[in-house]
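My notes follow in the order in which I looked.

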Amino acid sequence: MSATAWLTQFLEVLAALAAAPLFVGWVTQCRAWLQNKSAPSLLQPYRTIRKLFHKDAVLAEHASPLFRFAPYVVFGAMVCMTAIIPSMGTGLPFSGAADAIALVGLLATARVFMALAAMDVGTAFGSLGARREMMVGFLAEPALLMVIFVAALISSSTALPAITDSLATQPRGLYPSLAFTAVAFLLVLLAENARIPVDNPATHLELTMIHEAMLLEYSARHLALMEWASALKLFNYACIGFALFVPWGLATGAAPDPVALLTALPLLAVKLAVAGAGLAVIETVSAKLRVFRAPEFLAAAFMLAVLGLLVHLLLGA
Amino acid sequence: MSTLSLDLQLLNTLAALFLLLAFAMLAQRRVVGLVDLLALQGTLLCAATLLLAWRTGERHLYFSAVLTLALKVAFLPWLLHRLIRRLGVYWDSEPLINIPSTMLLGLLIVIFSFGLAQPIAALASTATRNGIGIAVAVVLLSFLTMITRRKAMSQVIGFLSMENGLFFGAMSATYGMPMIVELGVALDVLVAMLVLGVFFFQIREQFDSLDLHHLESLREDT
Amino acid sequence: MELLGLLAIPLGGAVFLWLFGARRWAPEANVLFSLATFLAACALTNRVIDEGNLSAAREQFFIDPFNVFLVTLTAFVALTTSLFSRPYMRIERQHGRVRPRQLRLYHSMYQLFIVAMLVALTSNNMGIMWVAMEAATLSTVLLVTLYRTPASLEAGWKYFILCSVGIAQALFGTVLLYFAAEKVLGAEGMTALLWTHLNGVKAQLEPAVLGLAFVFLLIGYGTKAGLAPLHNWLPDAHAEGPTPISAVLSGLLLNVAIYAVVRCKVLVEGSLQSQLPSQMLMGFGLLSVVLAALFLWRQRDVKRLFAYSSIEHMGIITFAFGMGGPVANFAALLHMTVHSLTKSAIFFAVGHAAQKAGSQVMDEIRGLITLSPTVGWGLMLGSLAILGLPPFGVFASEFLVLTTAMREQPWATPILLVALGVAFAAIFGRVQPMVFGETAARRLPHPPALLPVFAHLALVLLLGLFIPPYLADWYRRAADLIAGL
Amino acid sequence: MAGNPLDPLSILLALLAAWVLIGMAGLARPASLRLVGRLLFPLGALVGAAIAVVALVSIVMPPERLVLAIGLPDLPFHLRRDALSCVFLFLLGAAAAGISIFSAGYFRAGEGTAPGLLCLQYHTFLASMGLVLLADDAYAFMVAWESMALASYFLVTTQHRIPDIRRAGFLYLLIAHVGAVAILLAFGVMQGGTWQFTFDAMRSASLAPAWASAAFLLALFGFGAKAGLVPLHVWLPEAHPAAPSPVSALMSGVMLKTALYGTLRVAFDLLGSPAWWWGLAPLALGLFTALYGVIFAAAQTDMKRLLAFSSIENIGIIFTGVGLAIVFNGNGMGQLAALALVAVLYHAINHAFMKSLLFVGTGCVLHATGQRNLGRLGGLIHRMPWVAWTTLIGALAIAGLPPLNGFVSEWLLLQAFLSAHEVPKAFLNMLLPLAAAIVVLAAALAAYVMVKFFGVIFLGQPREATLRHAHDAGRLERIGLVWLAAGCVLLGLAPMQLIRLLHVVPEQLGIAPPLAAATSWWMLVPVAGRQASYAPVLFLVGVAVTIAATIGGVSYFYHRRVRRAPPWDCGFVRLDARMQDTAEGFGQPIRHIFQPFFSMQRELPTPFDAAPRYRVEIGDRIWSGIYLPLAQGVHRVAQSVAWLQQGRIATYLLYSFATLLVLLGLML
């Protein structure tokens, strides 16, 4: 592994770190427009994070070390994801460290730590959020894995870069299997990132919360890290989506250099913009489900993914 | 039939009477009567043995005839009579199956055992081959007697008549068993009777009656 | 010579104890006589090991691999049982359940019973064997009724009537056997009832007669062996008599009865060229196993429980002999040995347990292990052994029986599997609370004798892991003998 | 033939003997806790470690045999050491080392059985497990197998005064025994009429397909009963809570694996080449077991029952892998079969560490608080940090989270499933990927369960006042905990070294050619030729570096000020421990989603209750659906048979009479 390669990797991660809050801001802005509200500025997420970093941290008396440690683990996990996912270029040195399955595992780690931290203080809402989050999690994971399976079957590999390469180099055409799985993936994305219709990131009503309920006890830098991490999570999911379903225009090749990234960056920006807008539309047109509808929602996702799989096995497409 | 010599005819008659006695026991209600029938059976057995002994000239048959006389004609009936008097059991209550149907069963059994004995009888070299069938029949009939009776005493008598049947079988099939065996068997029967005597008194002092329905407490279906 | 000693010593003992059986030292005398008998048996065994088969008294008696180990076993269990009965009967007397007169009866009859069984085992003459079997019954009848309780009288009466009637059939069978043999061997020299001669000419014996003879013999000796549905006397007699008697009945008498059945089967199968006898044995065996397992399920009385377990094991043995073939016969012989050792050990433990709890009802026996661990462990280990858990010897034989059955008679294995499972649940479910848990037992006036229990269990353990070569050799030769090879 | 004293087999045998001797030594002074605790158990731990080392070293060595002078006359004990048995011996030794050293500090005076006796039973248990793995003939195997069951039974019923514990022990031994008889019958089939009960004879015996299938199914039944495959699992959730924690750890961590060993031995070694469709049985059963176990685990409120059900889940996953391996092997896909097999073995080893760790952890909690009920625990991370943090490692590992060991084996298994569509059988190639989805669902649910387990016990506020003075684990106990936790971490970080050794097993079983270049030392590649990889070390380094960087950055650029205050909880003021989520509450979504699995009785309060209370009881449908009817059925039959024996002597005579007539009739 050459130094340049690692440099590229580093740059890619930095870019992701910078871009993630922007993406969240973009989604919120689109949604505001669609709902005829006056939108907050694109940079609002940055301001929030900065403000939080300045505040004094307040911890509950009997919060254990685990409570303070968790945000760093979650954040770290998300950063690693960005390093693994071929967002701008394949064949980056760190992407060999883990394949798609390991990626799912990494997500699970982050989720478990978040849930444990939520239970640590021992408030009613914390544990409520934790168990809802875990419920969504164990329902989403099989669906996500089925999605990955389809892609892996097509490219006979579970390593994301390999998948992306093979998908990108395949003859253009309509892949019904991929279409199904794309929809499934979208549903999983909504559920996993606490978006409407499963959860509402902007809610202030504790009883309907899932993700937010877990963060209630956090403040200042810990909260900042959590927020940033969730922004990264959304970003990463988007990138996975691109890598699987619109894999074109990435810097391919064994060891791309920073320049290659620069060429890939604008295309990524465009993809993100479109995706953000689409997400905003979905969130606007759909209403939030009751918590116990979530299983049905994710079951639908799973079904679609399985259909995709069967279609692929049957038609080989 | 006329070809048969006199003693053989006599033997056959004895056998027939033997069978008849078994039926009589099946029908007999009075315990004392049962004992008398038993004694009579013993006498028949003894007579048959003597006849055979005289006919074949086997010496040990004389001996076993004497044995039978002493044990089955003299001693056992005497013992039983004594017991009956001491314990005051003269009547057996109504048998479990009523007499006529028992008779019918008895007939079937006789047919069965004759059928059973035919192939054997065909092989037997002895003059008294047909006795085997009779013996089987008597054994089974005494079995039936034991099943149908309610008094301990009459069951024992049934058992003894079964023994008689066995002896008759042994005699008519093979002119009796080896001496030593016969002695042993006789000894056993004797001891058995003595044990029984003890038994009766024990049962009596526990239940002050020899009715078997006292002896039905050890059971699984409770 | 040894044979004479073997038979004379206990006979003398019987007479002696009939005279002095009520004395204070009578139990010790009983032990001494049993010990002498056992030593004679050992001497005999030694001689057999050196010289092989031997016969005595104008062939009236003979020793071959099939009965030599049974003789030793009988003498040994008789010895240990006398050791156990020494404190046991003392305690019974202190509890006022027996009087000196009855002790006298008990001791002399005990010796007589031993003689009867030894004669039945060693006699070559089918007639003598019959006489001895009957004598064994008669000598134990009065022991079963020793306590004079209504229940014991009933048990004794059933034991007497059923076994005598059964054995009468056996006599008729013997008559038929003689009848068939005498044509081949002639009535002279009364060789016509000697098993060795019969075995020599079995092929020429008249099949029709031997078939009938076998039925009568099977019914007769089968009743004594407690094969279902002829078993009804067995649980009562075991439960109501004094425990040492239950131990010898289960441990020895059943063995001798099976021995008689098998001797007859060998002759008959040699003459009848059909599978019928084997099938009969297998049928009786399976029926006994299944019925016993089902009866076990509802027991409340501990001695009845293990009586039914004896029926089950007799069933297994009979089934194995029915299957025939060297392996199955080997297994059956081994099973006879280990079953009698284990079962008598269990009865020893049960006896003391019942005395401690003052009752034979299992619900009233609790937590033995806390008050007297030795009794508790004895009962627990014994039950586990009898249930066929390794490394005890019972497992070894059941291992062979089951594997053979799986190859030879696959149809039977599901039945056996279910029956064994039910029996396991029944017995172990009862034994566990008796051994474990809180206790309500009392102390005993005399220290219980548990040496026999653990001696037996040690032997069973040994047989599970290592079978002495000459013993194995006897088993093999006996197995071939029975298989008619 | 006596092997020379220095070859691994003899050494292993000597070590097993040493275990037995240590156990015997306990009887010298049965009451003395110091002898047993301070000397014997640590010695046992050393022996365990030694066994682990020897086994690990000798995996690559060629198989070797030994014949002992005991056993049946023409069937002395045969012993054999090959790669398969070595793998499991390693598992046994390594896990036993940790558990023994823990037990040294764990057992207290006055708890049921005397220490010395306990020591004997414990070490007999270990030794018999070792003998099971070394046995090379049916008799030795069965003896060891049942001795194992017996020893563990006595260990389970240590506190025999409690009726429930007696009941648990009874149920356990009963099912174990029935299973053993089934195994026995399987051997009876496999000896194939040669009357040779050595495994060599069985290897060479050629069976008709029907017989072979019968043997396999019988063996699956027997071993499944020991492993706790649904529906034979009922003894497991009873016996594990009943046993002392180290014993539960041994049973769950090691003993269940002997059943796996038996299955593999029979399927791949003794029966030679298994037919592909045999795999379907373990596959289907395994999937159902995995799901069933984890769902019930989520609904439990007793921490050891929860772990027991989690063991059932893992056994399910393991047997799924076995089934997959058989299917692959039967379809001539040797490489994949080897992959599935390696995944199975690796998961078995992992589970031995994780589950033992969790069980001994609960043991500490039990000692410190006297509570098994999750509803009365909480906040223990402050009082007992050692236990808490080590248990956290175990929980994360068993939840299948990278970079710990649980993830590695599940990853391998999924990789195997990924190629399942290549199986040339209609339907199967479509169904198997779905099976993968179920495996993932089970794994994800396991994460749910573990969050519940750890969160409710160690996090939050103590639900009982007594918990405030709970004490942490003792010195020896800590050693045990750390040993097992270290195992989890190491197996997670450096799987390649061990996996390269595991590849010897399928090679020796003749399933696949040696996979030489399959794995580099730091990068895990499932099958040569497919580019999918997982580099745990790199992965961990990545995560660690980012976390460190974040912490460093935050504390460098910004202040480190922290203020303690009462929890906010959306401004709710009078917050107390009763308001936390209970175990029932945490399980509620599962109960809601998987309703059909449970038979529930609920007791709901009405608004007008003076003292409102909410109670829910979870019942096992299989218990009430299969086992109770079975028992009642037997009872009914027994009752109906009883009238045969109604105490009337005339009837008995009639039986004899009838039998006589029937037999005479037969003879006509």
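I began with helix H12 of chain C, residues 302-323, in what is a predicted model. At 1.5 Å a residue its 22 residues should span 32 Å, and I found the end C-alpha atoms 32 Å apart, so the length agrees. I then asked how many residues of H12(C) are buried. The count is 22 of 22, so I noted the helix as mostly covered, a residue being buried if 20 or more other C-beta atoms lie within 10 Å of its own. Just after H12(C), I found C:Gly324 with a positive phi of about 70°.

Next I turned to the chain contacts. Which chains have the most contacts among the 4 pairs that touch? They are chains A and D. There, 70 residues of chain A are in contact with 67 residues of chain D. On the chain A side, I listed the elements that give two or more residues: strand E1 (57-60) and helices H3 (65-84), H4 (100-120), H5 (124-155), H9 (220-245) and H11 (294-315). H5(A) gives the most, with 17 residues. By type, I noted this side of chain A as 48 nonpolar, 13 polar and 9 charged residues.

For A:Ala60, I found the bridge partner in E3(D) to be D:Ala565.

Last, I checked chain A against the other chains. Chain A does not touch chain B, and their nearest C-alpha atoms are 56 Å apart. Chain A does not touch chain C either, with 41 Å between their nearest C-alpha atoms.

Technical notes
Residues numbered from 1 in each chain as written. Chains lettered and ligands numbered in written order. Predicted model: local features only at pLDDT ≥ 70, side-chain atom pairs only at ≥ 80, totals over all residues. Contact = placed C-beta atoms within 7 Å. Helix = DSSP H or I, 4+ residues; strand = E, 2+ residues; numbered from the N terminus. Nonpolar A, V, L, I, M, F, W, Y, C, P; charged D, E, K, R; others polar. Pairing = 2+ DSSP bridges. Expected span 1.5 Å × (residues − 1). Buried ≥ 20, exposed ≤ 12 C-beta atoms within 10 Å, placed from the backbone.
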